[in-house]
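Biologist: I would like to learn how to read a model like this one. Where do we start?

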Amino acid sequence: MRLQARDIRLYLGRAEILHGVDLTAHAGRLTAIIGPNGSGKTTLLRALTGEIAPASGNVVMNGRDIAGMRPGELAPIRAVLPQQSVLSFPFTVAEIVRIGLTSSHVQDDGHALIRAALSRVGLPDHAGRLYQELSGGEQQRVQLARALVQIWHPVGSDGPRWLLLDEPVSSLDIAQQLTVMRLAAEYARQGGGVVAIMHDLNLTAMFADHVLLMQEGRAVAEGSPVDVLTDHRLSGAYGCCLQINHTPSDGVWLLPQGAGL
Amino acid sequence: MVALDASGERLAGDRRHLGRSLAFWLFALLAAVAMLSLGHGASGVSAPQVLLDWFTGHEIARTDRVVLFDIRLPRLLTGMLVGAGLAVSGAVMQGLFRNPLADPGLLGVSAGASLGAIAAIVLGGLLPPAILAAAGWHLVPLAAFAGSWLAMAVLYGIATQQGKTSVATMLLAGIAIAAMIAAVSGLIIYRADDQQLRDLTFWSLGSLAGASWVKLLAAGPVIAAALVVSPLLARGLNGLALGEAAAAHVGIRVQRVKTAAILITAAATGASVAISGGIGFVGIVVPHLLRLLTGPDHRWLLVNSGLLGASVLLVADMVSRTIIAPAELPIGIITAMIGGPFFLWVLLSNRRMLDG
């Protein structure tokens, strides 16, 4: 089963943000979307979630064009972690996570599910805290827990579930970055699909199974991390020089050049 | 996947049981306040005694019956419906705008209702007799509903762009809308005759003194319908708290929730204003107090706002009847005297959000 974007052309106002982007994400894999600021990553993700309709092209999830699906049909098969969430009322963490259960048919009070999700994101004791009083990193993980309860089982009777993450580790410290990336990778390993916008190329190299590199509203490379994360491609897209090093265990790690080191 | 821990222990941070218990106590409070209000008035009629006689089939004095069933009872029911209607309007509007400062009275929605009512009172005579006859007593509430709906729709259109609501734009647009509506209302009042002016003055002070079965039957069902439907918005408004995009992601039909919220607010505010004039601040005080007690989850907030709003208005009405007895102080003055400072307090405690 796949999540496929075909020739997505998209305008915001009069500006054409995406100039015909293709992406094929497979269930069971973690797909990373990388690229410099303003390359259209978030816009592409918003098209994948169904939030904005492309001017042309379509998004097909588990064999169905999402353009014809209602929010209530999409919610049980894909959850979204936005880049940031602002909140104007004093909700507790538990109340925020519960919002993820809006479209589900949990028979009981959902407490067990909420508790389990908070544990998975490393916040087992935060259910009673006020969301507004948490740090940015904690808020982001609460939102991730909210997305997780929405599609708790990576595979349902009608196919895989899709976790769409917009910079899931942007405001996290290094330990929490690993917690969240491992969680995402685990979700994919169990048969779910994960599509994540990534800023950190080293985390991308460590965790992604499939990478889409974007530049100025186009997909300039798509493939395995080894194929996409090359000196030539990254330097071209990011406009600076990166040195790719290979680890003994077949991984890669990247260093920016010219840092005066 | 991680096995779920099915321990029956209550989850910290889940305040729904508090909302549910509070609903019970607020219901009890409303019953008590209602009995008190029924027995409270210029004439020394004992409400419990008359009710007891009525139930047991005893003879009731004619004056007692008139006082209780034709004066106090419609006033009581009107006060309950208007209080509940204004409080629920406030809660729904705050949920829609994702802002605790949104209030029908402050942002021109009540002014829109007033305009509708004023237009109906002054210009209603210009309508074709057939329409006038068909609308009957419903003309003023319907016109008020139309006016508040228009104000609400314009306000929402201006304040919310691409799914995001700007607090500053909302408040300033509300002021502008209220000012424009006041100007048009002034123009209409300018051409009112003496009898109409008397009707208008009496009505615009905001009072339950004019409550009657006729008015109640005209406007009451509109408020009651809005109250009954409003709890269905709870999940939608909870989702909207995360923003329109996130609400859609969790499966909420955002457009439908927004339309319903605007209609419910307009109906409850419009009919309340039509029946009782401008009673302010109930919509801001009541939901805010409840959020302090049981949190912002709309699951019980909407129901409890209705219950507490009804009680608050009945108490305010009793005060208005007592404070300068035997004369009556318009109830709008009392709610504004308490509500104004309260609003400033809410404003100051949300300063961080407003500056951001």
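Modeller: Start with contact: two residues are in contact if their C-beta atoms, placed from the backbone, lie within 7 Å. Before using it, some ground rules. This is a predicted model, where local features need pLDDT of at least 70, side-chain atom pairs count only at pLDDT 80 or more, and totals for chains, interfaces and linings use all residues. Residues are numbered from 1 along each chain as its sequence is written, while chains are lettered from A and ligands numbered from 1 in the order in which they are written.

Biologist: Leaving aside neighbours within four places in sequence, which residues is Thr92(A) in contact with?

Modeller: In chain A, Thr92(A) contacts Gly128(A), Arg129(A), Leu130(A) and Tyr131(A). In chain B, Thr92(A) contacts Gly13(B), Arg15(B) and Gly295(B). Thr92(A) and Gly128(A) are 36 residues apart along the chain, yet their C-alpha atoms are separated by 5.9 Å.

Biologist: Where in chain A does Thr92(A) lie?

Modeller: Elements first. Helices (H or I, at least four residues) and strands (E, at least two) are DSSP runs, numbered from the N terminus. Thr92(A) lies in the loop between β6 (78–81) and α3 (93–99) of chain A.

Biologist: Is Thr92(A) buried or exposed?

Modeller: Count C-beta atoms, placed from the backbone, within 10 Å of the residue's own: 20 or more others means buried, 12 or fewer exposed, and in between partly exposed. Thr92(A) has 25 such neighbours, so it counts as buried. Compare Ala116(A), in helix α4 (residues 111–120) of chain A. Ala116(A) has 19 other C-beta atoms within 10 Å and is partly exposed.

Biologist: What does a positive phi tell me to look at?

Modeller: Most residues other than glycine have a negative phi. Two residues here are worth a look. Glu167(A) has a phi near 50°. Its place is the loop between β9 (162–166) and α6 (174–189) of chain A, and with 21 other C-beta atoms within 10 Å, Glu167(A) is buried. Arg98(B) has a positive phi of about 50° although it is not a glycine. Arg98(B) sits in the loop between α3 (62–97) and α4 (109–123) of chain B. Arg98(B) is buried, with 22 other C-beta atoms within 10 Å.

Biologist: How do I describe a whole chain?

Modeller: Chain A has nine helices and 14 strands. The radius of gyration of chain A is 18 Å, close to the 18 Å that the rule gives for 261 residues, so chain A is as compact as a globular protein of that length. Buried residues make up 47% of its 261 residues.

Biologist: How many helices and strands are in chain B?

Modeller: Chain B has 16 helices and two strands. With 356 residues, a compact globule would have a radius of gyration near 21 Å; chain B has 21 Å, which agrees. Its C-alpha atoms fill a box of roughly 75 × 50 × 40 Å along the principal axes. Among contacts in chain B between residues at least 6 apart in sequence, 82% join residues at least 24 apart.

Biologist: And two packed helices?

Modeller: They are described by the angle between their axes and the distance between the axes. Axes are lines fitted to C-alpha atoms, for helices over the stretch in contact, and angles run from 0 to 180 degrees between N-to-C directions. The axes of α14 (residues 298–322) and α15 (residues 331–349) of chain B come within 9 Å and cross at roughly 115°. Ala316(B), Asp317(B), Val319(B) and Ser320(B) in α14(B) meet Ile331(B), Ile334(B) and Thr335(B) in α15(B).

Biologist: How many residues does the contact take from chain B and from chain A?

Modeller: The contact takes 32 residues from chain B and 37 residues from chain A. On the chain B side, α10 (234–240) and α11 (244–249) each supply at least two residues. α11(B) gives the most to that side, with four residues.

Definitions and conventions. The radius of gyration is taken over C-alpha atoms; the globule rule is 2.2 Å times the number of residues to the power 0.38.
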